[in-house]
Amino acid sequence: TGLFTPDLAFEAIVKKQMQKLKEPCLKCVDMVVSELTSTIRKCSGKLSQYPHLREEMERIVTTYIREREGRTKDQVMLLIDIELAYMNTNHEDFIGFA
């Protein structure tokens, strides 16, 4: 394969390191949701003369974002699990490509 280490050892090391990506990825999703929620609040401030419309708009959009948050986290975890399932060391972008 062109690697200096045995394949099994390499896969064990890489999988261990990739497992560490899960927490920062989920944290990133949380930060994006937080930023979107903050932006919604700032934008809804423009509707201050229509308090009911502002509250309803803020509630609907925030609810939609919260619903998508769970699905986004599931997709991120699925992507990491897919990456863990198969390591393509034969790809030309890989450093050890023969």
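Among contacts in the chain between residues at least 6 apart in sequence, what percentage join residues at least 24 apart? The figure is 67%, where contact means heavy atoms within 4.5 Å.

Good morning. The structure shown is a predicted model, in which local features need pLDDT of at least 70 and side-chain atom pairs count only at pLDDT 80 or more, while totals for chains, interfaces and linings use all residues. Residues are numbered from 1 along each chain as its sequence is written, and side-chain values use heavy atoms, with hydrogens and water left out.

I begin with the chain. It has three helices and zero strands; helices are DSSP runs (H or I, at least four residues), as are strands (E, at least two), numbered from the N terminus. Of the 98 residues, 18% count as buried, meaning under 20% relative accessible area, with exposed over 50% and partly exposed in between (1.4 Å probe, protein chains only).

I turn now to one pair of helices. Helix α2, residues 22-44, packs with helix α3, residues 51-85, at an angle of about 165°, and their axes are 10 Å apart. Axes are lines fitted to C-alpha atoms, for helices over the stretch in contact, and angles run from 0 to 180 degrees between N-to-C directions. The angle therefore makes α2 roughly antiparallel to α3 (over 145 degrees; under 35 is roughly parallel, 65 to 115 roughly perpendicular, the rest oblique).

Finally, consider Lys27, which lies in helix α2. Lys27 counts as partly exposed because its relative accessibility is 48%. Along the chain, Lys27 and Lys73 are 46 residues apart, and their C-alpha atoms are separated by 9.6 Å.
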